[in-house]
Amino acid sequence: MIESAKPLHVIVGATSPIARAYAVDCAVAGKALLLAGRNLEELELIAADLRIRYGVKVAVERYDASLPGEGCRLVGSFASQPVAAIVAFHGIMGGRDEFVAMLQVNCAAIAELFEAVADQSAHAGSKPVLAAVSSVAGDRGRQSNYPYGASKAALDAYLSGLRNRLHPLGLRVITIKPGFVRTRLTEGKVNPRSPLLAEPAQVADDIRRAIEGSADVVYTRWFWSPIMAIIRSIPEFIFKRLRL
Amino acid sequence: MAMKDEPLAGWGRLPCVFASQARPTTRADLATAWAVTGRRISRGLGRSYGDAALPSGDGFALSSLGMAKMVSFDEASGILVAESGVSLAEIIEVFLPRGWFLPVVPGTKFVTLGGAVAADIHGKNHHVDGTFGVHVVWLELLLPRGGLLRCSEGQEAPVFRATIGGMGLTGHIERVAIRLRRVPSAWCKVRTIRGRDLDHTLELLATNDGSYRHTVAWMDCVAVGDRLGRGVVMLGNEATPEELPPKDAVTPHRLPPKAKLTVPFDLPEYALGPLTVGVFNACYYGLAKDDEKLVDFEKFFFPLDTIRDWNRIYGRRGFSQFQAYFPDATARDGLHACLAAIGRSRQASFLAVLKRSGPANDFPLSFLDLGYTLALDLPGPSKTLAPLMAELDGILAAYRGKVYFAKDAFVSPALVPAMYPRLEEFRRVQRALDPSGAVRSLLSTRLKLHD
C-alpha cells in the first residue's frame with residue numbers, strides 16, 4: 001500500500017474498459033489511484049502503464065466481488081488515507097440461472113463496499129464521492145435481460161436509499177446508468193456501427209463530469225435519459241405484450 | 001470470443017476483404033483467441049498499404065489494439081517494454097517531452113510497435129541508424145502452436161531475426177523491448193536544396209549522407225524529359241536547445257499542438273486528376289527555397305499525419321503505394337525507368353519520396369540495403385493499375401529492384417525469390433514454427449512466402 005498525500009481515487013473493477021478509460025482521465029489530472037479487481041496480474045500491468053505514461057502514483061489491491069467480506073477488507077486496506085472518490089465499475093451479465101451471482105456482484109458487493117466506506121469516512125471526517133455503475137437495464141425488466149436488469153434495479157434502489165441516508169452528512173452518491181457501451185458485454189449483441197453504442201472513453205468522461213458536478217443519477221450517453229423515460233412510461237398492460 | 005465479419009483493408013484500401021477480427025485485451029483473452037482453429041494474421045493500426053494485415057481465405061485477423069500497455073521503462077538504458085498494440089504516436093507523446101525519441105520512425109506515427117517490428121520499418125535516418133528492428137532488444141512472440149517465446153540476438157536468434165521484417169508470419173508479437181534514444185530537442189534543423197533532375201537529386205542525397213542524420217527527397221513524378229527526377233532534398237539534423245529561438249529553448253522537447261485536420265469523407269475521383277496533381281507538384285517544386293530552417297519533429301517526420309484519414313483523398317477507388325529499392329549499381333537506371341513509366345502512364349499522384357538507404361541488416365526478410373528507395377502513391381482501382389504495375393515488375397526484374405511487403409499489393413510472386421535471396425532461410429524458420437500453416441496473410445499466400 002502506498003502512502004500518498006493526495007486523496008485517493010479508488011477504482012473498483014479496474015480492468016473493465018470503462019474503468020480503464022476513467023483511470024486514464026484521473027491519471028491525466030494527476031490523481032493518486034488505487035485499482036482494485038480480481039485479476040491482480042492484469043491490474044499490475046494497468047498500473048505500470050499508468051505510472052509510465054502519466055507519472056502518477058498507482059496502487060493495486062485484489063478484490064473479488066463474488067465473495068462476501070471482500071468489500072470490508074478492501075476498505076480496510078486504505079483505512080489510513082483520505083479518499084476523494086470510490087467508483088464501482090464491476091458487474092456481470094448472465095441468464096436466469098445466474099441470478100444469485102448477479103445479485104451478489106452487481107448489488108450486494110457494492111452495498112458492502114459503500115457501507116464500509118460510509119462508516120469509515122464518518123470516523124475520519126472525510127467526504128468521499130461514492131459512485132457505482134448501474135445500467136439502463138435496471139429501469140425496466142425486459143424479457144431478454146430481466147435477471148440482469150433486476151440486479152441493477154436492486155442496485156439503483158440501494159444507491160437511492162444510501163444517497164438519502166448520507167445526504168445530511170454531506171456525502172454524495174452517484175448512480176451511473178450507461179446504455180450500450182463498446183465492451184465485452186455488447187460484443188456480438190449490438191451492431192458495432194450503431195449510433196447508440198458509446199465508446200468507453202465517452203462514458204468515462206460522463207462519469208468524471210458527474211463526480212465533479214452535482215448530479216445524482218446520470219445517464220450516459222445523455223440520450224438514454226429520454227429513451228428510458230419513454231420506456232418507463234409505457235403502461236404495464238402494453239409493455240407485457242412487447243418483444244423487448 | 002464473439003467475432004463478426006467486417007470489411008478489412010490496408011491503408012490503400014486495395015484490396016478489401018470481409019473477415020472477422022478478434023480483439024483480445026488480456027493475455028488470457030489472447031490465448032483463447034489464438035486457440036481458435038483457422039488461419040490467422042495479426043493486425044495493428046492497418047497502416048500497411050496492401051494486404052499484409054488481411055487474413056487469407058476464411059481466416060481471421062487478430063487485433064493487437066486491445067493490448068496496448070507500456071510495461072516498463074528503464075531511465076538508464078532507455079529501454080521501453082510495451083505490448084505490441086502501443087502506437088509510435090503514444091510512445092512519442094509520453095517520451096518526447098522527457099527527452100527520448102524512437103530510434104527510427106516511418107512517415108506516419110500511427111503504426112503499432114508490433115507492426116513496426118513485423119515490417120521492420122525504416123525512416124529518414126536509415127543510412128545512419130538502420131531499421132527499427134536493429135534497436136529491438138528482445139521480443140515476446142506468441143508461437144503459432146501456442147506458448148510465449150522470448151527471443152533476442154542472444155536467445156532463439158533465428159526466430160528473432162525471422163520475426164523482424166517477417167510480416168507477422170512467425171506468430172503474434174506480444175511484447176517488444178525497444179531502446180529509445182535521447183534527443184537534444186523536438187526540432188530539426190533542416191536544409192532544403194532543389195535537385196534539377198534525377199542525377200542531381202541522387203547526387204545531393206549521396207554527398208550529404210555523412211553530414212546529416214535525416215535525409216529524404218520529395219520528387220515531382222509528373223515532370224518528364226529533362227526535368228525527370230527533379231525534387232526537393234531535405235537534410236536534417238536534430239537541433240540543440242541553443243539553436244532554438246529563446247521561447248522554445250526553455251522547453252526544447254515540448255510537443256507541437258495536435259493537428260485537427262481530417263478528411264471527413266471520400267473525395268470524388270476527379271479531385272486527384274492529372275491536372276490537379278500536376279499543378280500541385282509544380283507548385284511544390286517551384287515554391288521550395290534553398291534554405292535552412294527549424295522544423296518541429298511532427299512536421300518533419302510525419303507531414304501527412306496532420307491530416308487524419310488522408311487516404312480518403314483517393315476516393316472509393318483506393319490506391320496502392322509502389323515502393324521499390326534499387327542497389328547502387330542499378331539505382332540510377334532503375335529509378336529513371338520507373339519514373340519514366342509512371343510519368344507516361346499519367347497515373348502518378350502526389351509527390352514521390354526518394355531516400356538513400358544504408359547497408360542491410362541480418363533479418364532475412366528486411367527490405368533495404370545500400371542503395372536508393374523510391375515510394376509513391378498510385379490511385380486505383382486495380383483494373384487500371386494492373387498494366388502499369390506489370391510494367392514496373394519488368395523494370396524491377398531488369399534492374400535488380402525489390403518491393404517492400406508493407407506497401408505491396410501487386411508484385412508478381414515469381415519475382416519475390418530473386419528480390420529476397422534469403423527467403424528460403426525465412427521459410428525454414430517459419431515452417432518449423434508453424435508446420436500446420438496456421439499463420440497466413442493474404443500477402444503471404446499471394447506471394448507464396450511459405451512454400
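Figure 1. Strand β5 (residues 70-74) of chain B pairs with strand β6 (residues 79-83) of chain B in the antiparallel sense, over 4 bridges. This view, like those that follow, is taken from a predicted model. B:S72 has B:V81 in β6(B) as its bridge partner. The two strands, β5(B) and β6(B), form a hairpin with 4 residues between them. In the turn, B:G78 has a positive phi of about 75°.

**Figure 2. Strand β6 of chain A and its parallel partner.** Strand β5 (residues 129-133) of chain A and β6(A) run parallel and are joined by 4 bridges. A:A132 stands opposite A:T175 in β6(A). Strand β6 (residues 173-178) of chain A has 6 of its 6 residues buried, so it is largely enclosed by the rest of the structure. Both faces of β6(A) are covered. On one side the buried residues are A:V173, A:T175 and A:K177, and on the other they are A:I174, A:I176 and A:P178.

**Figure 3. The two domains of chain B and the contact between them.** Chain B is divided into domain 1 (70-183) and domain 2 (187-413). The C-alpha centres of domain 1 of chain B and domain 2 of chain B are 24 Å apart. To the contact, domain 1 of chain B brings 28 residues and domain 2 of chain B brings 27 residues. On the side of domain 1 of chain B that touches domain 2 of chain B, α4 (126-129) and α5 (157-163) of chain B each supply at least two residues. The most comes from α4(B), which gives 3 residues to that side of domain 1 of chain B. By class, the side of domain 1 of chain B that touches domain 2 of chain B holds 11 nonpolar, 12 polar and 5 charged residues.

Figure 4. Which residues are in contact with B:L139, leaving aside its neighbours within four places in sequence? They are B:V117, B:C151, B:F160, B:T163, B:I173, B:R175, B:V176 and B:A177.

**Figure 5. Helix α11 of chain B and what covers it.** Helix α11 (residues 382-398) of chain B has 17 residues. From its first C-alpha to its last, helix α11 of chain B reaches 23 Å, close to the 24 Å expected at 1.5 Å a residue. Its buried residues are B:L385, B:L388, B:M389, B:L392, B:I395 and B:L396. The cover over the buried residues of α11(B) includes β18 (319-327), α10 (328-345), β20 (371-379) and β21 (402-403) of chain B. Just after α11(B), B:R400 takes a positive phi of about 55°.

**Figure 6. Two cis peptide bonds, one in each chain.** In chain A, a cis peptide bond joins A:T220 and A:R221, with omega about -10°. A:R221 lies in the loop between β7 (217-220) and α7 (224-233) of chain A. In chain B, the peptide bond from B:G380 to B:P381 is cis, and its omega is near 0°. B:P381 is placed in the loop between β20 and α11 of chain B.

Figure 7. B:D120, a residue other than glycine, has a positive phi near 35°. The loop between α3 (113-118) and α4 of chain B holds B:D120. Is B:D120 buried or exposed? B:D120 counts as buried because 27 C-beta neighbours lie inside 10 Å, the cut-off being 20 or more. B:R346 is not a glycine either, and has a positive phi of about 50°. The loop between α10 and β19 (352-357) of chain B holds B:R346. With 13 C-beta neighbours inside 10 Å, B:R346 counts as partly exposed.

**Figure 8. Contact between chain A and chain B.** The contact takes 9 residues from chain A and 9 residues from chain B. On the side of chain A that touches chain B, 4 residues are nonpolar, 1 is polar and 4 are charged.

Note on methods:
Residues numbered from 1 in each chain as written. Chains lettered and ligands numbered in written order. Predicted model: local features only at pLDDT ≥ 70, side-chain atom pairs only at ≥ 80, totals over all residues. Contact = placed C-beta atoms within 7 Å. Nonpolar A, V, L, I, M, F, W, Y, C, P; charged D, E, K, R; others polar. Expected span 1.5 Å × (residues − 1). Buried ≥ 20, exposed ≤ 12 C-beta atoms within 10 Å, placed from the backbone. Pairing = 2+ DSSP bridges. Domains from an automatic or database assignment.
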